[in-house]
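Here is a short report on helix packing and aromatic pairs. Keep the structure open while reading.

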Amino acid sequence: METIRKQSPQGANNVFPVPPPLPGLATNCWRKGFFINNGSAIRGNSYVSTATRDLWDGLFDGGYRADVTIRTDNDGNIHAHANILGMASPVLRGMLKRAKGFGRKRSISIHGVPQDAVRVFIRFLYSSCYEEEEMREYVMPLLVLSHAYVVPQLKRICEQQLEQGLFTLENVVDVFQLSLLCDSPRLTLISHRMILTNFKAVSETEGWKAMKKSHPALEKELLESMIEEENMRKDKIRKSKERKIYLELCEAMEALVHICRDGCRTIGPHDKDFKENKTPCKYRACKGLELLVRHFAGCKLRVPGGCIHCKRMWQLLELHSRLCADSSSCKVPLCRYYLKVLLFHVQSF
């Protein structure tokens, strides 16, 4: 009790205990295909020690007292144990309850995927481990099997493997279709974004051509999402340009008030004293606006349809009058005039 009181937050002087390590795969050390975890060697990828893994692998490979035969494609047979399969997968448990056989031997079927993929899947049910080469070769059949037979641990591993490097332009369409069938929203999102980002290259792959024949509705949805993505991109560019123009106009309005009220460099009110060594102006638009004001003061084409530079000046003056909060004391030229014109048009309606 004394030790607990000394380590309590009130008397520990902000000394906190070391947090536990984050959960994850045991990949602390790699040496010739082995992992070292807490001083125990683990071959391949596994959550258990070598001795335990070898025990379960030996039970599976040797088929000692196996009471289930799994029939696969190409007349293949894999021997297993009903207790292991039933505990690892609720779907296999239900299949075994309905299975028929001679004596204590029962038989079930797993078709639609390569026999070696079924073997890797059953091996994982025994020892929760796999080999890197087998995972790279059969990751998509294993994803299907893990979803169909409700083995969430293997399903997460397959999803992680695909996300971490097994995605390619050649298989991304197949992964996208499988992710929809296997209820894997993260894979669906990643593969969908990859298709849209590399649409031209993906649309030339064999996977896309096969999907076009077998699932034309899915191809239509992808094309529609591509069009929507392009429209969103154009809309984003348009809004970005509008925001840029808005910021430029705001800065121009501030610079116009600054020139007419305080003066800047060599231009401003007649009662201001301009000095050559005046500090640089903080408004970036002042220099361009100064040139525009000088042109506006001397241009002879200030009529409708005349000088485009003068038109810009008229527009700036009108915009300022619409935004000005105190036109009675404003020093910007024509501010009160434009306000009267605006009020006249409002009252006429």
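## Basis

The model is predicted.

How many of the 10 residues of H8 are buried? Seven of them are, so H8 is largely enclosed by the rest of the structure. The buried residues are Val172, Val173, Val175, Phe176, Gln177, Leu178 and Ser179.

After H8 comes aspartate 183, with a positive phi near 55 degrees.

## H6 against H8

The axes of H6 and helix H8 (residues 172-181) come within 10 Å. They cross at roughly 5 degrees. An angle under 35 degrees counts as roughly parallel, so H6 is roughly parallel to H8.

From H6, the contact uses Met140, Val144 and His147. From H8, it uses Asp174, Val175, Leu178 and Leu181. By class, the contact of H6 with H8 has five nonpolar residues, one polar and one charged. Two of the H8 contact residues, Val175 and Leu178, are also on the list of buried residues.

## H13 against H14

Helix H13 (residues 286-298) and helix H14 (residues 308-323) have axes that come within 9 Å. The crossing angle is roughly 110 degrees. Angles of 65 to 115 degrees count as roughly perpendicular, so H13 is roughly perpendicular to H14.

H13 brings Leu289, Leu292, Val293, His295 and Phe296 to the contact. H14 meets them with His309, Cys310, Met313, Trp314, Leu316 and Leu317. Nine of the residues in the contact of H13 with H14 are nonpolar, two are polar and none is charged.

## Aromatic pairs

A search of the whole structure finds three aromatic pairs. Two are described here. One joins phenylalanine 121 and tyrosine 149. Their ring centres are 5.8 Å apart and their planes are at 40 degrees, so this pair is tilted. It links distant parts of the chain, 28 residues apart. Phenylalanine 121 sits in helix H5 (residues 115-127). Tyrosine 149 lies in the loop between helix H6 (132-148) and helix H7 (152-166). Both phenylalanine 121 and tyrosine 149 are buried.

Another pair is formed by phenylalanine 199 and tryptophan 208. The centres are 5.5 Å apart, with 85 degrees between the planes, and the pair is edge-to-face. Are phenylalanine 199 and tryptophan 208 buried or exposed? Phenylalanine 199 is buried, as is tryptophan 208.

Terms used:
Residues are numbered from 1 along each chain as its sequence is written. This is a predicted model: local features need pLDDT of at least 70, side-chain atom pairs count only at pLDDT 80 or more; totals for chains, interfaces and linings use all residues. Side-chain values use heavy atoms; hydrogens and water are left out. Axes are lines fitted to C-alpha atoms, for helices over the stretch in contact, and angles run from 0 to 180 degrees between N-to-C directions. Helices (H or I, at least four residues) and strands (E, at least two) are DSSP runs, numbered from the N terminus. Angles under 35 degrees count as roughly parallel, over 145 as roughly antiparallel, 65 to 115 as roughly perpendicular and the rest as oblique. Contact means heavy atoms within 4.5 Å. Ala, Val, Leu, Ile, Met, Phe, Trp, Tyr, Cys and Pro count as nonpolar, Asp, Glu, Lys and Arg as charged, and the others, Gly among them, as polar. Rings of Phe, Tyr and Trp (its six-membered ring) pair if their centres lie within 6.5 Å; planes under 30 degrees apart count as stacked, over 60 as edge-to-face and the rest as tilted. Buried means under 20% relative accessible area, exposed over 50%, partly exposed in between (1.4 Å probe, protein chains only).
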